[in-house]
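Below is a colleague's note for someone meeting this structure for the first time. Please read the points with the sequence and the model side by side.

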Amino acid sequence: MDRTGVFVYGSLLPGARYHAVARRAGLVRRTPARLEGYRLYALPAGYPAAVPGAGAVEGELFEFHDLEAALRVLDRFEDEGGLYRRVAVDLKTPAGVRRAWAYVADAAAAARRGGVPWPSGRWRGRRA
């Protein structure tokens, strides 16, 4: 299954602080999505990190006009290789399972940065 886009769950979502970055990267379509086998951490800097573990993270699958070009923009924005690494994941969407990229963190790295578990798995609205 080819990767079709990028799973977004925090500051790139519509209405969030950095959604303009996604638009500049060529965003053309958004679909509600759920990433299972991960849990959300809230970082003191005001953004979340998805880390492997029991739970699920709610977000959206973003599709872009040119995925490779978008990944170059998003890798820089997410500082890929720093806190976040880009990995291939399977998402649950209304149309079924879709393969996508996601920027995820290691739980220990998120905790070192002061992150705390965010039980709801949904960053939009920021209700734990």
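**Notes on the predicted model**

1. Leaving aside residues up to four places away in sequence, Val-6 touches Glu-60, Leu-61, Phe-62, Phe-64, Leu-67, Leu-71, Leu-74, Ala-100, Trp-101 and Tyr-103, where contact means heavy atoms within 4.5 Å. Val-6 has its place in strand β1 (residues 3-8), strands being DSSP runs of E with at least two residues and helices runs of H or I with at least four, both numbered from the N terminus. With a relative accessible area of 1%, Val-6 is buried; buried means under 20% relative accessible area, exposed over 50%, and partly exposed in between, for a 1.4 Å probe and protein chains only.

2. A word on the basis of these points: this is a predicted model, in which local features need pLDDT of at least 70 and side-chain atom pairs count only at pLDDT 80 or more, while totals for chains, interfaces and linings use all residues. Residues are numbered from 1 along each chain as its sequence is written, and side-chain values use heavy atoms, with hydrogens and water left out.

3. The search of the whole structure finds 8 salt bridges, a salt bridge being a side-chain nitrogen of Lys or Arg within 4 Å of a carboxyl oxygen of Asp or Glu. One of them joins the side chains of Lys-92 and Glu-36, at 3.3 Å from N to O. Lys-92 belongs to strand β4 (residues 84-93) and Glu-36 to strand β2 (residues 27-42), so this pair ties together parts that are 56 residues apart in sequence. Lys-92 is partly exposed, at a relative accessible area of 44%, and Glu-36 is likewise partly exposed, at 39%. Both residues also belong to a network of salt bridges that links Arg-34, Glu-36, Glu-58 and Lys-92.

4. Are the partners Arg-98 and Glu-63 buried or exposed? Their salt bridge has its closest N and O atoms 3.2 Å apart. Arg-98 lies in strand β5 (residues 96-105) and Glu-63 in strand β3 (residues 48-64), so the pair ties together parts that are 35 residues apart in sequence. Arg-98 is buried, with a relative accessible area of 19%, and Glu-63 also counts as buried, at 10%.

5. Arg-86 deserves a point of its own. Arg-86 forms a salt bridge with Asp-75, in which the closest N and O atoms are 2.9 Å apart. This pair links distant parts of the chain, with Arg-86 in strand β4 and Asp-75 in helix α2 (residues 67-78), 11 residues apart. Arg-86 also lies over the face of Trp-101, at 4.5 Å from the ring centre; for such a placement, NZ of Lys or CZ of Arg must be within 6 Å of the ring centre and within 35 degrees of the ring normal. Arg-86 is partly exposed, with a relative accessible area of 25%.

6. Strands β4 and β5 run antiparallel and are joined by 10 bridges, two strands being paired if DSSP finds at least two bridges between them. A hairpin connects β4 to β5 through 2 residues, and Asp-90 has Arg-99 in β5 as its bridge partner.

7. The structure holds 4 aromatic pairs. Among them, Trp-118 and Trp-123 form a tilted pair, 5.2 Å centre to centre with 55° between the planes. Rings of Phe, Tyr and Trp (its six-membered ring) pair if their centres lie within 6.5 Å, and planes under 30 degrees apart count as stacked, over 60 as edge-to-face and the rest as tilted. Trp-118 is buried at 15% relative accessible area, and Trp-123 is buried at 7%.
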